[in-house]
Amino acid sequence: MRWRHAGVAFPLSNDFQQAMSRLPLSLTIAVCVAALAWFVSLRQSALFLVGLGMGGILAGARFGFTTGWRQLIEQRDPAGVMAQISLLFVAAAISMPLLAMFPGDLMAALGPPSVSLLIGAFVFGAAMQIADGCGSGTLYKAGLGIPLNMAILPMFILGSFLGSAHLDRWLSLGATQPVGLVNEVGPLSAFALTCLGLVIVGALALAWSRRGGERRRWLDRRLIIAGAGLALLAALNLLIAGQPWGVVYGFGLWGAKIATAAGVFDPTTNAFWSQPGNFNALTQSAFLDVTTITNLGILAGALWISARKAPGAKPLTGKQWVIGLLAGFLLGYSSRLAFGCNVGAMVSGISTGSLHGWIWVAMAFCGSLIGVRLRRRFSF
Amino acid sequence: MKRRFLFVFSALLTTVSSAALAGTPPILSAQELDALRGDGDIRIVDIRPTAAYAENHIPGAVSAPYASWRGPANNPGKLPELTTLAQLVQQLGIDYDTHAVVVSTGDTTTDFGAAARVYWTLKHLGLEKLSVLNGGMTSWNAAGLPQDKEQPQVAASAFEPRVNTAILATQSDVLAQIDNPKARLVDARPKAFFLGETKAPTASTPGTIRNAVNIEHSIWFKPNSTEVVSAEQAKAIAAERFPELVDDTIAFCNTGHWAATDWFALSELAGIPNVRMYPESLAEWTQTSSALPMDNTPSRGAQLLDRLKGVLN
Amino acid sequence: MQTRSVFLALFWVALIIFLGWDWTQSRPVNLRLEPPLIAAGSGQAPSGGHCSAF
């Protein structure tokens with residue numbers, strides 16, 4: 001609604017109206033930041049701010065990892081994938097030297113290459129296309145208020161929790177020790193190898209995009225800048241928390257807390273949750289958990305964005321709802337098996353030099369090829 | 001004539017033997033130690049660093065540096081394993097009939113705490129014939145008494161500890177006594193620590209244990225001296241600070257060092273009954289996973305400001 | 001649009017209730033053991049739970 005007065009437009013009043021409607025939300029978020037600092041810890045408050053930034057960028061730029069892959073597969077549009085590659089480049093460039101500089105204080109996202117990783121990443125890649133959201137995608141879309149992704153969140157929590165409870169059985173199928181490039185060959189070589197991998201993946205993506213015959217613009221400035229911003233925030237997460245950005249652990253933790261309180265789960269007899277660090281996380285406040293805080297930040301940041309530009313959402317049939325929710329459950333379960341989702345395994349794994357991140361990407365992409373087909377089959 | 005002589009003689013004998021059975025004096029002056037050091041049952045334990053001992057020490061003294069009586073870096077007040085301590089005592093050739101004399105540097109009032117702490121440790125292991133050289137090597141040097149560099153050959157004893165728990169307070173003991181009006185928690189640290197204005201690196205927060213009173217360790221010393229006061233003077237000071245009797249007195253500080261001075265003065269000099277020490281003290285009290293009751297801790301706002309300042313520096 | 005607003009409200013209310021419930025039934029936060037603001041250079045090893053944990 002632009003007011004015209006004497007032939008001059010007053011766009012400011014429109015922005016003013018929208019800023020006013022955002023004010024209560026902004027104030028609430030500010031109170032949350034302060035409350036976290038006062039009652040929990042300065043660090044968690046800072047990480048909440050980091051999460052807010054991540055949510056703001058993800059939602060504001062609609063930076064969807066899932067969508068980016070789908071566009072490459074279906075429309076041969078590599079822009080999203082190229083933006084993800086540049087995100088990984090920036091994140092690795094900052095994170096790897098940091099890891100080498102502070103070896104005792106900071107840890108990399110080192111997951112074990114294993115049978116569960118292969119299966120989990122593949123299923124995740126498929127499920128994320130159906131659910132139209134990966135780990136970060138589910139969070140920012142739920143924050144934006146898209147009904148399917150909001151409903152998927154509890155399914156994700158259930159899946160993650162069950163996956164963590166079953167993890168030892170999956171690992172017994174076969175697993176090797178994690179491979180951390182920064183430890184093995186030092187930060188410079190690790191970064192060089194990572195760049196090589198990224199260049200190869202980029203070349204493959206471009207080659208695929210050219211098979212359609214037409215030349216496409218493969219650099220979307222908005223996405224590239226958003227990707228760089230996310231990479232900076234991911235590095236900040238590493239710097240502040242001492243561990244890389246993650247999404248899935250927090251969901252599993254919430255599920256485990258609920259299950260334990262309901263009396264249907266005994267953490268002391270479970271291989272994963274009886275470990276001291278995880279058991280501790282169960283009995284202490286969720287606000288002290290790093291991935292919980294960044295997850296909440298992403299939700300709140302996306303919500304704040306939605307106050308100005310709430311997205312439309314296609315209404316779904318009953319059958320589509322059931323499939324979508326099932327996909328959400330599989331997202332949670334498979335990402336636990338795969339030692340992370342697109343954030344924990346791909347972004348954090350690759351940027352901190354973990355081999356499992358690369359395996360994750362390869363398997364998940366194969367899964368997405370199937371997932372995109374299934375998506376079309378169910379008319380999503 | 002003969003009967004009177006016998007009467008006087010037996011009276012003298014009784015007084016002398018009763019004096020001997022009255023117990024070992026907790027503190028010895030340099031001259032007193034010099035007179036005793038030739039006795040067969042004396043063992044002088046030099047707790048200074050090995051370099052200082054190697055340079056010069058009281059003839060016949062054995063070396064047992066202070067660190068060997070203490071715990072790890074993040075909890076120095078923690079007692080080492082009982083077997084470790086027992087072995088140490090055996091190697092020093094000390095047993096129940098040995099009169100052990102603890103000798104420290106004696107250069108500061110804080111240093112006395114080291115000697116008091118080792119005294120307390122030996123008493124905790126069950127030994128009774130214990131003394132501290134008042135003023136340490138500083139007063140020995142000032143008196144111009146002889147020293148040498150010889151390492152005495154000491155036969156290991158067969159010492160088996162008989163643990164004296166009456167002088168030790170655990171964390172749960174202290175927690176139980178916080179609200180007990182018939183108990184006293186004594187903070188032996190300087191006032192600034194008690195008031196929460198400063199803290200030791202091993203403590204996670206400034207402040208003191210809930211309901212504690214402050215008896216600074218420095219009040220037990222003669223003016224401008226590193227020697228503690230006499231037993232009578234200690235009794236007078238204690239009576240002034242603690243007019244009422246209580247069932248239980250527990251001394252603590254940051255790591256059970258200054259606390260040892262307070263414990264020594266209250267228990268051994270002033271002769272107050274039921275005095276214990278909490279050896280791990282605030283280093284442990286502030287590091288527990290759930291917050292234990294404290295006084296004089298900074299407000300959350302002050303704590304946050306402090307952290308932010310720490311980050312910006 | 002109306003159902004969507006209801007859904008949205010339900011989502012956030014459920015989330016807030018969960019977080020509130022968790023706060024009341026968890027161990028109280030020990031502010032004395034608050035970790036340093038920035039882990040890098042703090043000398044403390046990270047102790048949080050992470051997705052790559054097994």
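Helices (H or I, at least four residues) and strands (E, at least two) are DSSP runs, numbered from the N terminus. By that definition, chain C has one helix and zero strands. The structure is a predicted model, in which local features need pLDDT of at least 70, side-chain atom pairs count only at pLDDT 80 or more, and totals for chains, interfaces and linings use all residues. Residues are numbered from 1 along each chain as its sequence is written, chains are lettered from A in the order in which they are written, and side-chain values use heavy atoms, with hydrogens and water left out.

**Shape of chain C**

- The radius of gyration of chain C (taken over C-alpha atoms) is 18 Å, well over the 10 Å that the globule rule gives for 54 residues, so chain C is more spread out than a compact globule.
- The globule rule is 2.2 Å times the number of residues to the power 0.38.
- The C-alpha trace of chain C spans about 50 × 25 × 25 Å along its principal axes.
- Of the 54 residues of chain C, 37% count as buried (under 20% relative accessible area, with a 1.4 Å probe and protein chains only).

**Chain C against chain A**

- Contact (heavy atoms within 4.5 Å) joins 35 residues of chain C to 65 residues of chain A.
- The buried area between chain C and chain A is about 4,100 Å², and carbon and sulfur atoms give 67% of it.
- Buried area is the accessible area (1.4 Å probe) that two parts lose on being put together, summed over both.
- Arg4(C), Cys51(C) and Phe54(C) supply 17% of the area that chain C buries against chain A, more than any other three residues.
- One salt bridge is found across this interface, where a salt bridge is a side-chain nitrogen of Lys or Arg within 4 Å of a carboxyl oxygen of Asp or Glu.
- Asp22(C) and Lys257(A) form a salt bridge through their side chains, at 2.4 Å from N to O.
- The side of chain C that touches chain A has 22 nonpolar, nine polar and four charged residues.
- In this grouping, Ala, Val, Leu, Ile, Met, Phe, Trp, Tyr, Cys and Pro count as nonpolar, Asp, Glu, Lys and Arg as charged, and the others, Gly among them, as polar.

**Chain A against chain B**

- Five residues from chain A and five residues from chain B take part in the contact.
- Chain A and chain B bury about 420 Å² between them, 73% of it on carbon and sulfur atoms.
- In chain A, Ala37(A), Trp38(A) and Leu42(A) lose the most area to chain B, together 95% of what that side buries.
- Between chain A and chain B there are zero salt bridges.

How values were computed:
Buried means under 20% relative accessible area, exposed over 50%, partly exposed in between (1.4 Å probe, protein chains only).
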